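User: I've got a structure to go through with you. Can we start with what sits inside?
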Amino acid sequence: MKNKKKTTKTVVLVMLIMILSRLLGFVREVIMTNKFGRGIETDAFFAAFTIPDMMYYLLIGGALSSAFIPVFTSYLSKGDEEEAWRVASTFINITVLLLIVLSILGMTFAEYLVPLVAYNFKGEQLDLTIELTRFMFPAVTFTALAGLETGVLNSYKIFNAPSIGPILYNFGIIFGTIFLSSRFGIKGMAIGVVIGAVSNALYQFVFVSKRAKHYKFIFDLKHPGVRKIFKLILPAMIGLSVTQINLVVNQNIASAFDKGSITALRLANRIMQLPLGIFAMSISTVIFPTITSQIAKGEIEDFRDTFAMGMRNIFFVTIPSAVGLMTLGVPLIRLLFVRGAFKEDDAMVTASILVFYTLGLAFQGGVQLLMRGFYANHDTKTPVKISFMAMFGNIVLSLVLAYYTPLKVNGLALAYSITSFINMSMLFKTLGKKMNGINSKEIVNSFFKSTIAAVVMGVVIVMLNMMFSRYFDVNDKTIQIIQVTVDTLIGAGVFFVVANILNMQEVSDIKEIIKRKRGRR
């Protein structure tokens, strides 16, 4: 019980920091769209961002969650900190050197790489994308270093400091957009990306250096821990390459449609990622070292309880978030983005894509923790096999829905949601078999109760939107603020009331936290 309370408290703190970080991410998108709108320049920027982003996720994103944290945490949980750092030192040294080399190669051969992610770009737009790619490639090394630092701190169950790093990253991009774009245009944002990446890495280094007394500049490739990491990391990189291939395919398809299609797709995805990043990622990040330690110690029943608690809480927040974004999409996008170069038509296109994206929000949230359930067991091969099946399904669905139905760009978002459901279902069933049960009945029961409460909430929000459209000028910014605020507060209230009537455990947990807070006053 004590560990559960501590985990809940940590999740709440990380969520609060993540909320600030994601809100800043929205601020940067708002500033960008106001200044540049939804067109050739923004499409070029997001396309240029793809290759460096892909390198980061392949080399660091999968490495941390699938290999580095499980192995590093296993040594720490056994009290062998010196050996843990011998492994960490080798892995960090190899990764940083590799990234520096890849960054130099990426800058050199950018003109050959860009057509791979946006094959329909021609002339001035193609040249701009190549130039922006070269600008942003140096950021990869620093972003990767920050990712490695995050992995170290998370292994020590330190979550607040690494959660603040992305805030600095967003500040860097905002700085570039506001102060540099007037002189350098969209290139000012690219410079801001580099500034943000460097700031993030330097900030986290302050905290890591306090725990890195055993760090050495060594390359002990024969160490069993290092070998274990590279054994685990290869399947994970293949699995993540599947995800990145999906992104590249969708971006290439979008580049064939109207100008600004990539930007609309990106903005809708960013909005959908807000609750995913704040809630699902926060819960998964905090729980991951705990379930890894439980597996290492053979505490299987504790693993099941912790994992089930994580899945229940992910569904409890992502399902109403999905319904909320689906019903609040137009008012929210209108409030955030419609000003300057971003017009009402742009908002409607983005909101339409968002509806299809949100259908898969809860499933993507579940995937975050399910993948970590396999990684905690040092199993990276199973998620890869499932990811490959999901990839082929997504590519086929994307092509069919985008080119052979009236959905076009919306079809890409729908394909994403359908394959997210398939991916989560296969992972859930397979992990259940692997662990001889993961409290599936408890998780499924929570899923359906959350869905019922969210549907009731959605109906209420739709009715409120109809009233606002009928009696008020929804193009007025003050009315937009009132509408989004009222919809959110009343919608959340309705959800919690219905969830309480359904006797959901998550509501009881929230009541207990509030009761303890009041008791301390």
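User: Which residues touch the most other members of the largest nonpolar core?
Analyst: Phe45, Leu132 and Phe307 do. That core has 131 residues. Keep in mind that this is a predicted model.

User: Which helix gives the most to this core?
Analyst: Helix H10, residues 300-337, with 18 residues.

User: What does Phe307 touch, not counting residues up to four places away in sequence?
Analyst: Phe307 touches Ile291, Leu369, Leu370, Gly373, Leu431, Ile438 and Ile443.

User: Now Thr306. Where is its place, and is Thr306 buried or exposed?
Analyst: Thr306 is in helix H10. Its relative accessible area is 12%. The cut-off for buried is under 20%, so Thr306 counts as buried.

User: And which residues does Thr306 touch, again not counting those up to four places away?
Analyst: Ile287, Thr290, Ile291 and Gln294. Ile291 is also on the list for Phe307.

User: What is Gln364 in contact with, leaving aside neighbours within four places in sequence?
Analyst: Leu276, Tyr416 and Ser420.

User: Switching to cavities. How many of 30 Å³ or more does the structure hold?
Analyst: Three.

User: What volume does the second largest cavity have?
Analyst: About 60 Å³.

User: Which residues line the second largest cavity?
Analyst: Arg28, Glu29, Met32, Phe45, Phe46, Phe49, Ile173, Met189 and Arg266. Phe45 is also one of the residues that touch the most other members of the largest nonpolar core.

User: Which helices each supply at least two residues of the lining?
Analyst: Helix H1 (2-36) and helix H2 (40-77).

User: Next, helix H4. Which residues are buried there?
Analyst: Ala110, Val114 and Val117 are buried in H4, which covers residues 110-117. Seen down the axis of H4, these buried residues fall within an arc of 65 degrees, so they line one face of the helix.

User: Why would residues three or four places apart point the same way?
Analyst: An α-helix has 3.6 residues a turn, so residues with that spacing point the same way.

User: Which exposed residues are on the face of H4 turned away from its buried side?
Analyst: Tyr112 and Leu116.

User: Last topic, backbone. What is phi of Asn436?
Analyst: Near 55 degrees, a positive value, and Asn436 is not a glycine. Most residues other than glycine have a negative phi.

User: Where does Asn436 lie, and is Asn436 buried or exposed?
Analyst: Asn436 lies in the loop between helix H14 (409-434) and helix H15 (440-471). At 69% relative accessibility, Asn436 counts as exposed.

User: What about phi of Asn439?
Analyst: Asn439 has a positive phi of about 55 degrees, although it is not a glycine. Asn439 has its place in the loop between H14 and H15. Its relative accessibility is 24%, so Asn439 counts as partly exposed.

How values were computed: Residues numbered from 1 in each chain as written. Predicted model: local features only at pLDDT ≥ 70, side-chain atom pairs only at ≥ 80, totals over all residues. Heavy atoms only, no water. 1 Å grid on protein atoms, 1.4 Å probe; cavity = no way out; pocket = protein on both sides within 12 Å on 5 of 7 lines; lining within 4 Å. Points joined across faces, edges and corners; volume = space filled by probe spheres on them. Helix = DSSP H or I, 4+ residues; strand = E, 2+ residues; numbered from the N terminus. Buried < 20%, exposed > 50% of the residue type's maximum accessible area, 1.4 Å probe, protein only. Arc of directions from axis to C-beta. Core = buried A, V, L, I, M, F, W, Y, C linked by side-chain atoms within 4.5 Å. Contact = heavy atoms within 4.5 Å.
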